[in-house]
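Here is a short report for a reader meeting this structure for the first time. Look at the model first, then read on.

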Amino acid sequence: MTPAAQLLIGLVFVPLSTALVAVLLPPRRRRWAVVLGGLAWPCLLVPLSMAVAREQSVVMVFGGWAPPLGIGWRLDALGLVVLWVHALAGIAALPSAWRRFDPDLPESGPFWSLWMILATGVNLALLAADLFNLYVALELTTLAAVALIATDDGIAALAAAMRYLLLAVLGSLMYVLGVGLVYAQTGSLAMHQPGIEALNNVALVLMLTGLMVKAAIFPLHVWLPHAYSNAPGPVAAIMAAVVGKAALVAFWRIWFETAEAPPAQLADFLGLIGAAALVYGAIAAYLQPRLKMVIAYSSISHFGFLLLLLPLASQQAFQGAGFHLLAHGLAKAAMFLAAANIVVVLGSDSIRHLPGLDKRMPLEAFTLALAGVTLIGLPPSGGFTGKWMLLSAAWETGGWFWLVLIVLSGLMSAAYVFRILALTCFHPARRAVHHLHPRPPKITSLAALTLALLAVVIGLYPHPVLDLLGAGMPGMVR
Amino acid sequence: MTSAVFVLVAAAIFGLGVHGLLVSAHIMRKLLALNLMLSALFLLLIVVPATIDGRPDPVPQALVLTGIVIAVSTTAFALALMVRLFRKQGHASIHPDIDPRLLGRKAPSKANKTAQGDDR
Amino acid sequence: MSAPLAVDVLLGLILVGLAAQVAIGEHLFRAIVFYVAFGLSMSVIWARLGAPDLALADAAIGAGLTGALMMVAFRRLVEIDPKQAQAQATRSSALAVLIGVLAAGMVATIGLTALTLEQQPGRAGLQVMETLGDTGLGNPITGVLLVFRGFDTLIEMTVLLTAFVGSRVMTTRSRFYVATIAGFQLPLVRTLVAVILPLAALIAMHLLWIGSDQPGGAFQAGSVLAGAGVLLLLTGTLLPASKSRALVRLALVAGVASLCVLVLAPMLRGQVAMAYLGRGSLLFAEALMMVSIATSLTLLFAGRPSLKVGRP
């Protein structure tokens with residue numbers, strides 16, 4: 001096995017063994033083990049990034065049994081990008097989780113174990129090169145995520161967790177049916193199936209629909225707003241940053257790698273669905289009375305935006321979409337962490353309480369502003385780079401509809417971001433909130449701010465990431 | 001021919017599950033319906049692929065076995081979540097707009113809410 | 001095996017009838033009982049289709065343990081609020097029926113079309129059968145589960161562990177659950193436990209041992225043991241205990257840990273991850289998996305993180 005392949009194993013086994021150790025330890029000690037594990041596995045990303053930069057991808061096959069007999073893993077640029085988001089968001093969320101889930105709380109024991117299990121599932125979903133392996137990875141991720149949402153004992157959180165679980169099972173059902181049909185057609189479960197004629201469209205649609213549920217693409221998004229807004233802060237941050245994205249990445253992979261010649265009408269149809277999600281999410285975000293709901297609907301809008309990669313399939317579009325994944329993931333995690341602190345101090349995230357936030361909680365307000373810049377896609381932020389690449393791709397292929405849509409998405413994001421920011425800077429004569437709760441440790445605010453800053457800074461130096469993504473996806477048309 | 005019969009059986013069970021999922025408000029009934037749909041799917045996965053030397057293909061069998069274990073894990077967790085939700089909100093449903101009178105109880109009052117209190 | 005078509009049709013009708021009772025039936029408890037019956041009929045169908053491993057697994061896990069978990073959850077609902085537990089509120093509508101029929105139609109079309117297309121046996125399956133001899137195993141399912149696609153099994157075991165840890169999120173905050181329904185003052189119970197416990201242990205060991213060559217394996221063995229565990233909880237021989245014990249946590253983790261060892265140990269010897277290490281290694285992993293499966297499922301039934309011996 002090459003050293004790089006051994007490091008791949010580490011990406012899954014470091015979080016997994018940390019989770020096992022966490023379960024074995026008495027509840028009070030668990031968070032130490034998990035923090036160690038949470039800081040350890042990202043270290044693997046440095047040598048792995050260099051390996052991917054050199055060789056385009058790192059592959060590994062279990063037991064030496066080549067697919068379709070066995071299972072393979074593959075780390076390519078796309079997976080690497082999302083892994084970095086996961087690593088950075090995970091580390092940034094640790095201070096917030098440390099404060100929120102201290103050992104006196106009964107549910108903190110299972111929380112820490114579940115945190116690492118979620119990390120295992122997400123990493124695995126990004127590495128999987130086998131359709132069924134992807135299924136079990138997504139199941140693990142979903143179950144851990146639902147349990148993490150339920151660590152908040154409120155009725156809203158429990159109901160949101162239950163709704164997410166039921167919908168996710170429904171999505172899995174469709175996905176598995178699709179996988180079964182693929183096996184019946186090709187006799188193989190590997191994601192990349194060279195040389196077969198067009199994949200059975202029914203199987204493709206089933207798998208994609210299942211993944212759409214997990215990635216919360218409109219109109220199958222209904223679980224997301226309540227799940228994100230009622231989950232504890234660090235949980236919402238990590239979910240927004242990576243859990244939905246893992247399903248979206250799987251969606252892209254199946255579209256481009258597995259189905260080598262998907263019909264163009266389906267691509268346009270999915271692009272339209274993305275457009276609908278984009279518009280719906282943005283409008284809904286503008287109308288929400290709670291900050292976390294605004295951020296959640298913004299996620300729905302951006303996932304729709306990312307679906308535009310399908311009709312625009314080109315290397316440039318892929319670079320843009322991949323970069324957008326990075327920037328958006330960091331920005332969203334930052335926003336949810338900031339919102340978590342706001343909820344702690346103000347007692348609620350209702351936007352009625354936002355006026356004067358820039359004086360009360362300047363770090364959080366600045367974080368929201370910076371992250372908002374990335375969401376809108378203002379230069380020089382990372383969000384701008386992603387949007388610009390997609391715009392160029394649309395321009396070159398003459399896709400005017402998509403062009404207009406991308407510009408529109410920027411405007412609509414601006415609408416709901418400015419609404420929030422304007423409120424925070426507005427100072428009414430009479431302050432809305434009377435009682436401020438004790439502030440969380442400063443490091444939680446700084447962690448969120450760092451993420452937001454990163455999202456902007458990568459826009460200043462985009463070339464390493466863009467070059468990494470430059471190889472495009474296998475099977476991408478044009 | 002046998003395969004066709006079982007495909008139709010699987011389809012019927014799947015349809016019944018979908019109906020049950022849509023119609024029931026109680027979470028446990030939804031879980032039962034989802035389990036029916038899963039079972040129908042597993043049946044399809046075994047019946048459709050061609051046999052090898054007269055026996056069913058071992059790969060789908062292993063997949064279904066994995067699926068059964070994942071299904072029981074998910075169901076067990078969902079049941080625990082349901083019990084907790086029931087204890088907190090007084091009814092086992094996730095439809096926010098459900099009319100309490102449909103569930104056979106009075107409209108919620110302050111007294112009812114405190115009765116459901118926390119038991120940390 | 002050439003059973004006449006009529007038997008298959010009959011089995012199918014029974015299955016659909018039971019499914020109807022589950023989906024449409026009046027009382028929730030009745031629906032759960034019918035679900036258990038449905039699961040057992042599925043086992044018969046698996047056996048009919050030539051999949052004995054699945055028949056064993058579905059009977060034990062799909063019908064037995066799922067049914068037990070549902071029944072105990074129902075009982076907890078009843079303990080909390082007897083009237084609400086069963087509240088119906090089914091909004092039967094023509095639209096739901098239509099969607100159900102459409103869904104059934106869609107599945108039927110997909111299935112029948114897939115059947116009628118020119119079918120060759122799956123490449124993966126063929127390769128499994130060809131390579132099975134190299135591994136020295138006789139049961140191709142065990143081969144797929146533990147050798148060729150062993151990583152899926154590792155994650156599957158992690159899912160089971162996650163279900164337990166996840167349920168702990170809920171159960172750490174709730175009142176004490178008691179699962180006992182019949183104590184030892186009933187003479188039949190004493191005999192039942194005395195007979196079933198050793199029998200279950202024997203059957204589990206047998207299933208574990210022969211799983212390498214015959215239908216059987218860790219999952220079936222573990223669920224038989226879990227069934228025995230459920231019986232012990234129901235009769236008060238074992239009681240749920242709130243204080244989590246290290247030994248129990250070890251039992252929960254052992255299955256996943258043993259599969260991790262299977263993946264990582266070959267790397268220490270310079271081989272590929274999860275390279276095949278021989279039948280002994282599989283038996284080692286399966287034995288620990290059996291312990292984990294039994295412990296997880298029993299604890300999920302108990303609703304508490306540990307068990308203690310009750311008064312015999």
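How far apart do the C-alpha centres of domain 1 of chain C and domain 2 of chain C lie? They lie 25 Å apart.

This is a predicted model, in which local features need pLDDT of at least 70 and side-chain atom pairs count only at pLDDT 80 or more, while totals for chains, interfaces and linings use all residues. Residues are numbered from 1 along each chain as its sequence is written, chains are lettered from A and ligands numbered from 1 in the order in which they are written, and side-chain values use heavy atoms, with hydrogens and water left out.

## Chain C and its domains

Chain C has twelve helices and two strands. These are DSSP runs, numbered from the N terminus: helices are H or I with at least four residues, strands are E with at least two. From the N terminus, the order is α-α-α-α-α-α-α-α-α-α-β-α-α-β. The C-alpha trace spans about 60 × 55 × 35 Å along its principal axes.

Of the 312 residues in chain C, 56% are buried. Buried means under 20% relative accessible area, exposed means over 50%, and partly exposed lies in between (1.4 Å probe, protein chains only). Contact means heavy atoms within 4.5 Å. Among contacts in chain C between residues at least 6 apart in sequence, 74% join residues at least 24 apart.

Chain C is assigned domain 1 (1-120) and domain 2 (123-312). Such bounds come from an automatic or database domain assignment. Across the boundary, 13 residues of domain 1 of chain C are in contact with 21 residues of domain 2 of chain C. The area buried between these two domains is about 1300 Å², with 69% from carbon and sulfur atoms. Buried area is the accessible area (1.4 Å probe) that two parts lose on being put together, summed over both. On the domain 1 side, C:Asp53, C:Leu65 and C:Arg76 lose the most area to domain 2 of chain C, together 42% of what that side buries.

The two domains of chain C share zero salt bridges. A salt bridge is a side-chain nitrogen of Lys or Arg within 4 Å of a carboxyl oxygen of Asp or Glu. Five residue pairs are in polar contact across this interface (both at pLDDT 80 or more). A polar contact is a pair of N or O atoms within 3.5 Å; within protein, one must be able to donate a hydrogen and the other to accept it, and residues adjacent in sequence count only if both atoms are side-chain atoms.

## The two interfaces of chain B

The table sets out the buried areas.

| Interface | Buried area | Share from carbon and sulfur atoms |
|---|---|---|
| chain B and chain A | about 2700 Å² | 83% |
| chain B and chain C | about 7500 Å² | 77% |

Take chain A first. The contact takes 31 residues from chain B and 27 residues from chain A. B:Phe77, B:Leu81 and B:Ile94 supply 20% of the area that chain B buries against chain A, more than any other three residues. Two salt bridges are counted between chain B and chain A. One of them joins A:Asp153 to B:Lys88, with the closest N and O atoms 3.5 Å apart. The largest share of the chain B side, 14 residues, comes from α3(B). By class, that side has 22 nonpolar, three polar and six charged residues. Here Ala, Val, Leu, Ile, Met, Phe, Trp, Tyr, Cys and Pro count as nonpolar, Asp, Glu, Lys and Arg as charged, and the others, Gly among them, as polar.

Now chain C. Here 76 residues of chain B are in contact with 91 residues of chain C. The interface has zero salt bridges. One residue pair is in polar contact (both at pLDDT 80 or more). Helices α1 (2-23), α2 and α3 of chain B each supply at least two residues of the chain B side. Its largest share, 24 residues, comes from α3(B).

## A buried lysine

B:Lys30 lies in helix α2 of chain B. Is B:Lys30 buried or exposed? B:Lys30 counts as buried because its relative accessibility is 6%. A polar atom of the B:Lys30 side chain lies 3.4 Å from the backbone oxygen of B:Leu21. Leaving aside neighbours within four places in sequence, B:Lys30 is in contact with A:Leu166, B:Leu21, B:Ser24, B:Ala25 and B:His95.
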